[in-house]
Structure formats: C-alpha cells, structure tokens
Amino acid sequence: MKALRFAALGTGFWARFQLSAWKEVGGAECVALYNRTRSKAEALAREMDIEAIYDDAEELLRREKLDFVDIITDPGTHERFVTLAAGRVPSIICQKPLAESLASAERMIEACRRDGTALYVHENFRWQTPIRALKAILDEGRIGSVFRARIEMVSGFDVFGNQPFLRTLEQFVLADVGTHVLDVARFLFGEVESLVCHTRQIHTDIAGEDVATVLLRTREGASVVVTLGYAGTPLERERFPETFVFAEGDRGSVELGPDYWVRTTTSEGTHSRRVPPPRYEWADARYDVVHASGVPCNANLLGALRGEGEAETTAEDNYETLRLVFAAYESAESGTVVPIPERAVKEETT
Ligand code: 89Y
C-alpha cells in the first residue's frame, strides 16, 4: 500500500520523536517540514531526511499534495494552524493539548467539520505499554467493579530544561501533563460526572500552577484522585515520566507502580508482572515510556486515516478530556464542585 504523504509543522523538542515514531510505524512519509525559523527546519529536515523545507505554513499547504498535516507546535499556535489547514488537507493530527480554551477547541472542531477535514489529537499517554496492560486487567473484570482509584504523576524532573516554553504558561500543570493524565482517567475509569480541584504554584520563576489535585466522580460512581506535581520537590523514587495508578474494585485491587510493575491482588493472592515499554534507539532514555507510546498512538491514527479502523483520540473524544482540564481550572478558581453534564448530541467530526 502507498505510504501517506504528510507535512510536519514545528521542530521543537517533541518533533524529532514524533517523526521517529512515524518512521517506526511505517506507511506514512514526511515530505515537508515547516518552522518559522528556517534554519531549525533545515537542521531537522537533514537529520530526518525530509525533502521540502518551509518557513511559511500557508505556502507549504499551497504547494504540497498531502494526505495529512501533523501539528507539533506549541499549544498557543494550534488554532491558527488547524484553521489554516482545514479544507486544504483530508486530515489533521494535532499534539495535545489541542487548545488553550474550550472555545478555541470548539472553533477548531467546527472549522474542520465545515471544511470536511478529519481532526485527530496525538494523545499518547493512554498508549503507554503499562497503561494498556492495566486497562486489559480492568476490562477482564479481574478486580470487579472499581469504586475508587488514584492516578499520580508527581516528579522533581526539570521539565523546563527541554521545554522552556512550559515556564511561560499561565495554565501549566493541568494543561500540560494534566491533559494526558485526565485522558488516562477517562480511558481507565470512564466518563466523569463532576470534579473538584485544588492548585498551587511552588516554583516562583514560572507563570502557572505546578501542583494540582483533582477529585473526579465518574458516571459509574467511582472516586478517582488525580495528583499532579512538577514542584521540583526531591523524591526518593524519582520516576519521571511514569504514571502510577492504584484501583480498588469489589473483587480486588490493581497497582501500576514504579519501574512498570503491575500487581493484581484478588482473594487468590497477588500476581505481579513487569510491563516495560519497548526501547527505541531514537527515544530519549529519560522519556522512554512516553516516546515509545507515540508509536501505537500514530499506528492507531494511521489506521483511521486509511479507513482501516477507528481512531481512539478524535478531536471530538479529546474534547471530553479538555472539558475536565478547564473544569479543573474553574473549580480551583471558584472553590466549588464543577458538574460535567453529559452532552446532548455527540456530533461526529471525523
Ligand atoms: O509536555 C509533556 C508531555 O506531553 O509529556 C511529558 C511532558 O514532556 C512534560 O510534562
């Protein structure tokens, strides 16, 4: 089958790993690369063997014949690039967080719907090897019906080193890694009925909150605590960027702990299994589990682009995750429980 032709917009920290993940998947070829600073596009294009280089995204879209565009730029630019590409390419994939506000996400979804372009979000945490293993255990019913869980992403790792723009975000930990972890919460435990959130800013040299605690109540009635922290606190077990999960069900419990250990406990005892991610040469070893998750995430999206399967992370689906992110900010601001009403019509965007 012919490889799909795509253009990548952006050459920041994540671009190299996203392009490497596409090479790993196969079936899609990056034929053009855009960055507003041409020299940066030239450098990455050389490294990744990409022919065409642009510092004008509109020109790229005018000249190149593409099956899709992969937007790997900072969140503040997503709406501009999504609306620019809508109607000019059959499909768009955009990094998380899709948007800086719900209104912005709605405008993007609407523009793509109007112009007949499918919009997907590259949301990769749910594709991490140990998270998929945990999901399989929950789906098999091994621990019965879950009534309480906690999900933790707390680290002293210097996330600003590789991604300096994170320092400037007025909405930081919830919008950045919180988008991932709240998506994992939906993926593992289902849709949310209401939430309450507390935030703190511990770093004094950044613009946004670096600590957040969110208590979700799911539609199934489970309580899920999501703990996020990039306060820089030294930790005995520093495992960035691993996400830890513990879930209690009416027949047992399951834990995803450090070093990818999944432990399932029922009346028959505890069964432990280590489920590490695959190690790719091109991945930054400090980000292994996340970089590796780009491969199955892209494979899933590619299947949808080829009409061979369903994408998990359509923009419409990801909008439900964004509702949680912005409801968490609203709750932190108001000090109240924020309801997440079921949306009356789930319109199709893809
Ligand atoms: O930007 C974030 C992401 O997507 O995964 C981890 C990260 O790099 C820092 O929170």
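Which residues line the second largest cavity? Select Gln-128, Pro-130, Glu-242, Thr-243, Phe-244, Leu-256, Gly-257, Tyr-260 and Val-289, which form that lining; a cavity here is a set of points, on a 1 Å grid over the protein atoms alone, where a 1.4 Å probe fits but cannot get out, and lining residues have an atom within 4 Å of a point. This is a predicted model, in which local features need pLDDT of at least 70 and side-chain atom pairs count only at pLDDT 80 or more, while totals for chains, interfaces and linings use all residues. Residues are numbered from 1 along each chain as its sequence is written, and side-chain values use heavy atoms, with hydrogens and water left out.

The second largest cavity holds about 40 Å³ of space, and its lining divides into five nonpolar, three polar and one charged residue (Ala, Val, Leu, Ile, Met, Phe, Trp, Tyr, Cys and Pro count as nonpolar, Asp, Glu, Lys and Arg as charged, the others, Gly among them, as polar).

Next, select the lining of the largest cavity, which includes Trp-14, Phe-17, His-122 and His-291 and surrounds about 60 Å³. Helix 1 (13-25) and helix 9 (288-305) each supply at least two of its residues, and helix 1 gives the largest share, four residues; helices are DSSP runs (H or I, at least four residues) numbered from the N terminus. This lining has four nonpolar, six polar and no charged residues.

How values were computed. 1 Å grid on protein atoms, 1.4 Å probe; cavity = no way out; pocket = protein on both sides within 12 Å on 5 of 7 lines; lining within 4 Å. Points joined across faces, edges and corners; volume = space filled by probe spheres on them.
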